[in-house]
Amino acid sequence: MRELAQAWRSLIAAELPAAIALRHELHAAPQVSGAEEPTARRVAGAILTGPSLTGPILTGPILTGPSLTGPSLTGPSPAGTAGAEVETVAGTGRIVRIGPAGPAIGLRAEMDGLPVVEATGAPYASTNGAMHACGHDVHLAALVAVVRAARRLELPLGLVAVLQPREEVGPTGAADVVASGRLLAHDVRALVAAHVQPLVPAGGVTSDPGPVNASVDEVDIVITGQGGHGAYPHLAADPVPPLCRVVLAVPEVARAAVDPLHPVVVTLPQLAGSGAPNVLPGVATASGTVRAMREQDRALVHDRIRRAVEGIAAAHGCTGEYRVRRGEPALVNDSALAQASARWLRTFGVPEASFASCGSDDFATYGPQVPILMHFVGTGEGPDGPMLHDARYLPGDETVGQVAAALLAGWLAGAEGA
Ligand SMILES: [Zn+2]
């Protein structure tokens with residue numbers, strides 16, 4: 001495995017200039033969630049035939065494998081050959097498989113940009129009203145470099161590249177890929193991703209075991225009373241005071257329910273009641289999000305909030321209802337995979353970092369189907385700099401190689417454990 005890693009690393013290095021050019025091209029022409037078909041074609045095409053017809057000639061040592069320009073590589077070919085299989089998944093997504101038949105390790109990159117007007121001033125900035133403000137252009141370019149390099153090697157098991165659409169909206173692309181059953185059909189034993197992260201020091205790569213992103217559920221609290229006149233509250237059942245108590249109480253109720261070392265976030269920023277100062281409404285509502293790092297905490301917190309809502313409403317002569325729209329689960333990195341990937345990253349000389357947050361990523365959705373590992377790759381802007389989804393966020397081109405190293409480490413870790 002060590003020899004394979006070394007050869008793969010130098011082939012990736014040779015791919016990087018073309019991958020960075022591809023990154024600029026993707027960055028300049030982003031598509032929002034659900035409209036990624038042009039990106040899917042471009043990226044699958046780059047894996048099959050090359051990032052650019054005019055790009056740099058490959059200079060790495062050719063170990064085995066076919067020419068990268070032959071017509072045989074542009075179409076589907078059976079697993080077990082040196083060719084590549086391409087299939088459509090989740091609408092505008094693609095699965096590209098290379099290497100031998102049998103078990104495989106998956107590498108996933110997301111394709112969608114955001115409806116953000118770019119303000120980076122980059123020479124390759126988007127002008128179409130959408131923006132790769134979450135680094136997905138970097139992830140895609142890195143994945144292309146890794147897979148193209150792999151095509152020149154004799155892999156001990158398959159490599160399945162997942163070009164995933166609709167990471168940024170619900171229902172997410174990840175849920176559709178999971179539901180398609182294609183990862184199971186390809187016998188994917190582990191799925192690896194890497195995401196740029198401004199709060200991680202530049203150049204550092206994380207490989208933390210356990211939960212690294214939170215579950216995220218949208219919730220509505222509905223207190224129903226009896227509307228009336230503001231001067232005659234005793235003739236009505238005003239739902240606003242119990243709603244106010246609920247909004248203040250439930251974050252504390254949630255915190256008290258779980259181990260203090262387990263983060264839980266409850267925020268209820270959206271409130272609605274009467275439309276006039278002298279009218280008591282019949283219904284008052286609050287909406288927000290509930291996040292947790294562990295499934296058992298998630299269930300416990302929802303149960304306690306429901307009881308608080310019902311109890312506080314009842315004390316005010318109202319009825320309380322708690323509605324949950326379940327989103328992604330917590331993103332829980334497989335421990336063995338994370339530790340093995342960290343070892344590979346050390347052998348590559350990549351600086352170690354550690355990071356977890358109550359943010360979310362639909363990559364978590366794969367977790368119940370297959371062991372997963374998410375690396376965060378530091379871009380170093382810090383808390384005062386632009387965050388992900390900011391119109392000014394622009395990771396440097398060196399990040400393409402760093403994301404590629406993380407994907408490679410994760411693939412090798414998965415292959416060792418398969
Ligand atoms: Zn993202």
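The exercises below go through a predicted model of one protein, each with a worked solution.

**Exercise 1. Overall build**

Find how many helices and strands the protein has, and decide why its radius of gyration agrees with that of a compact globule.

Solution. Start with the secondary structure, which comes to nine helices and 16 strands. Next take the extent of the C-alpha trace: along the principal axes, this trace spans about 85 × 45 × 40 Å. Then turn to the radius of gyration. A compact globule of 418 residues would have a value near 22 Å, and the protein has 24 Å, so the two agree.

**Exercise 2. Helices α6 and α7**

Describe how α6 and α7 cross, and decide why the pair counts as roughly antiparallel.

Solution. Helix α6 covers residues 240-257 and helix α7 covers residues 295-315; their axes come within 9 Å and cross at roughly 150°. An angle over 145 degrees counts as roughly antiparallel, which means that α6 is roughly antiparallel to α7. The crossing of this pair is right-handed. Now list the residues that meet. From α6 they include Val 246, Ala 249, Val 250 and Val 253, and from α7 they include Ile 305, Ala 308, Val 309 and Ile 312. Among the others are Arg 245 of α6 and Arg 304 of α7. By class, the contact of α6 with α7 has 14 nonpolar, no polar and two charged residues.

**Exercise 3. Helices α8 and α9**

Work out why α8 is oblique to α9, and sort the residues of their contact by class.

Solution. Helix α8 (residues 335-347) packs on helix α9 (residues 398-417) at an angle of about 125°, and the axes are 8 Å apart. Angles of 65 to 115 degrees would be roughly perpendicular and those over 145 roughly antiparallel; the angle here makes α8 oblique to α9. The crossing is right-handed. Residues of α8 in the contact include Ala 336, Leu 337 and Trp 344, while those of α9 include Ala 405, Leu 412 and Glu 416. Sorted by class, the contact of α8 with α9 has nine nonpolar, four polar and one charged residues.

**Exercise 4. Helices α1 and α3**

Find the handedness of the crossing of α1 and α3, and name some residues that meet there.

Solution. Helix α1 spans residues 2-28 and helix α3 spans residues 136-150; their axes cross at roughly 145° and come within 7 Å. The crossing is right-handed. Among the residues of α1 that meet α3 are Trp 8, Leu 11 and Ile 12, and among those of α3 are Val 144, Ala 145 and Val 146. The contact of α1 with α3 has 17 nonpolar, one polar and four charged residues.

**Exercise 5. Two backbone details**

Is the peptide bond from Gly 170 to Pro 171 cis or trans, and where does Asp 187 lie?

Solution. The bond from Gly 170 to Pro 171 has omega near -10° and is cis. Pro 171 sits in the loop between β4 (158-164) and α4 (173-180). Asp 187 is in the loop between α5 (182-185) and β5 (188-197). Although Asp 187 is not a glycine, it has a positive phi of about 55°.

Conventions. Residues are numbered from 1 along each chain as its sequence is written. This is a predicted model: local features need pLDDT of at least 70, side-chain atom pairs count only at pLDDT 80 or more; totals for chains, interfaces and linings use all residues. Axes are lines fitted to C-alpha atoms, for helices over the stretch in contact, and angles run from 0 to 180 degrees between N-to-C directions. Helices (H or I, at least four residues) and strands (E, at least two) are DSSP runs, numbered from the N terminus. Angles under 35 degrees count as roughly parallel, over 145 as roughly antiparallel, 65 to 115 as roughly perpendicular and the rest as oblique. A crossing is left-handed if the near helix is turned anticlockwise from the far one by less than a right angle, and right-handed if clockwise. Two residues are in contact if their C-beta atoms, placed from the backbone, lie within 7 Å. Ala, Val, Leu, Ile, Met, Phe, Trp, Tyr, Cys and Pro count as nonpolar, Asp, Glu, Lys and Arg as charged, and the others, Gly among them, as polar. The radius of gyration is taken over C-alpha atoms; the globule rule is 2.2 Å times the number of residues to the power 0.38.
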